[in-house]
Amino acid sequence: MTETDGYRSLSLGEVTDMLGGCNNALILFHVHPDGDSVGSAFALRRMLESMGKKAWCMCADEVPERLMFAMEKYQASALPEAVPTGFEPDFIVSVDTAAPSQLGSLYERYGGKINLMIDHHGKGTVYADSYVMPEVSSCGEVLFDVLTELAKANGIDSLPGEVNELIYMAVSSDTGCFRYNNVHPSTHMLAAKLIEKGVRSADINHRLFGIKTLKQMQVEHAGFERMNLYGGGRIAVITFPYDLKKQYGAEDENLETLIDVARCVKGVEVAAAIRQPTEENRFRVSMRSSTDFDVSEICALYGGGGHERASGCTLNSDSILAAEMTIVSAVENKFATDAGEEE
Ligand SMILES: [Mn+2]
C-alpha cells in the first residue's frame, strides 16, 4: 500500500474485507451521472443486498431519464432526500468519482467520512482510502474484479445476473459501445464473459445508444440547423441559445448530444457545442477532437480542461455569437501554430 495525503491505496483483499464487513452501505457517485457511475453503483448495491446487507445509492444530481431503466427496480430516485428514513450507513463508498468536487453537495455532507473510493480515473484528488485502477476502461470493469473477489471470499458461486447486466452497462457506456481508445483486450474479454453468463448485450446497447427521446431528436435537429463549419470544414460549431432551450422545453441533459451531431460530420476534426443554460451570458462549451488536436489546450485558455479529445469550459461573452467566434479563432490559431511547428 502507498500513502497519498494520509489516505491509503488498498489491495484487492483489503477492499473485499471492507465490503464483506459492512452492514449498511451508502454508495455515492459523481454529479452529472453517466452509465458507468449508475451501473457501478447499482451493481455494488445489488451484490451487497444478495449478501444480506442493506445498501443505498446516492448522487447530488438525479440520474438522467435515459439511464433510469438501470435503477428503477431498486430506487425511484438517487437524490439525497430519497434516502429511506432510518437508513444509517456504517460504511460509505464512492464509485467512479475522481475528486471531491465530483461529489457535489454530497462532499459537504460526507467528506472525511468516506471509507473507500473505487475508481478508474488516473488523474484526480484522492479523498479516501482508495482502490483505483487507472488503466482500466471503466469503473464497471474495476468493480467486476472487486465483486468477483468478494464473491469468492464469501463462498458465493457466481454474481447475480443483475450485477452482470449492470457491469456490462457500465463498461459499454464508458467505452461508447466499445468504440473509444480506452478499450483494451481485457475489456472485450470481460464483455465476452458477461455475455456468456447471459447478459443481454444487444438490449442494453440498444437502450444506451440506439434510443433517443423525441425531444432529444428535435433538439439535435434544431442544433444541426444552427451548425456552422469553419476552417474549410475542419471545425464544426453548434450553438444553442437559452431562448431555443425554452422553446423546446429542453433540459440541460437534452443538450448534451449536440456535440455528437457536430463531431460526426465527415471532415470535421474539431467540434464544439456552445449552449446557454440560463438567461445569463455564460456559455457552456463542449469540445471534441477526432485527431491529435488537443482540445483541452483550447479549454484551458478559458479556465476549463479535460482530455486531449474531450474537454469543456465556461465562457462569459456578450452573446452566443461572440462565444462562437472566440472558440473558432482559438481553434484556427492553434491550427496555424500546429501547422507551423510541423514545417
Ligand atoms: Mn467512468
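Visitor: How many salt bridges does the count come to here?

Guide: The count comes to 14 salt bridges, where a salt bridge is a side-chain nitrogen of Lys or Arg within 4 Å of a carboxyl oxygen of Asp or Glu. Keep in mind that this is a predicted model, where local features need pLDDT of at least 70 and side-chain atom pairs count only at pLDDT 80 or more, while totals for chains, interfaces and linings use all residues. Residues are numbered from 1 along each chain as its sequence is written, and side-chain values use heavy atoms, with hydrogens and water left out.

Visitor: OK, show me one. Which side chain does Lys212 meet in a salt bridge?

Guide: Lys212 meets Glu220, with 3.0 Å from N to O.

Visitor: Is Glu220 buried or exposed?

Guide: Glu220 counts as buried because its relative accessibility is 9%. Buried means under 20% relative accessible area, exposed means over 50%, and partly exposed is in between (1.4 Å probe, protein chains only). Lys212, at 41%, counts as partly exposed.

Visitor: What about Arg275, which residue does it form a salt bridge with?

Guide: Arg275 pairs with Asp252, and their closest N and O atoms are 3.7 Å apart. Arg275 sits in strand 10 (residues 270-275) and Asp252 in the loop between helix 9 and helix 10, so the pair ties together parts that are 23 residues apart in sequence. As for labels like these, helices (H or I, at least four residues) and strands (E, at least two) are DSSP runs, numbered from the N terminus.

Visitor: And how accessible is Arg275?

Guide: Arg275 has 10% relative accessibility, so it counts as buried.

Visitor: Where do Lys334 and Asp338 lie?

Guide: Both are in helix 12 (residues 320-342), four residues apart, which is about one turn of the helix.

Visitor: Switching topic: which residues form the negative surface patch?

Guide: That patch is made by Glu65, Glu251, Glu253 and Glu256. Patches take residues with over 30% relative accessible area and no salt bridge, joining like charges within 9 Å and nonpolar side chains (Val, Leu, Ile, Met, Phe, Trp, Tyr) within 5 Å. For charge, Lys and Arg count as positive and Asp and Glu as negative, with His and the chain ends not counted.

Visitor: Where does Glu256 lie?

Guide: Glu256 is in the loop between helix 9 (242-247) and helix 10 (258-263). Its relative accessibility is 33%, so Glu256 counts as partly exposed.

Visitor: What does the domain assignment give?

Guide: There's domain 1 (3-210) and domain 2 (214-342), with bounds that come from an automatic or database domain assignment. The C-alpha centres of domain 1 and domain 2 are 31 Å apart.

Visitor: What about the backbone, what is the phi of Cys177?

Guide: Cys177 has a positive phi of about 65°, although it isn't a glycine. Most residues other than glycine have a negative phi. Phe178 also has a positive phi, near 65°.

Visitor: Where is Phe178 found?

Guide: Phe178 is in the loop between helix 5 and helix 6, and Cys177 is found in the loop between helix 5 (161-174) and helix 6 (185-196). Phe178 is buried because its relative accessible area is 16%, whereas Cys177 is partly exposed at 26%.

Visitor: Last stop, helix 4. Is Phe144 buried or exposed?

Guide: Phe144 is buried, with a relative accessible area of 5%, and it's found in helix 4 (residues 139-153). Phe144 and Ile167 are 23 residues apart in sequence, yet 6.7 Å apart in space, C-alpha to C-alpha.

Visitor: And how accessible is Asp145?

Guide: Asp145 counts as partly exposed at 42% relative accessibility, and its place is in helix 4.

Definitions and conventions:
Accessible areas come from the Shrake-Rupley method with a 1.4 Å probe; for residues, only the protein chains shown count as cover. The place of a charge is taken as NZ of Lys, CZ of Arg, CG of Asp or CD of Glu.
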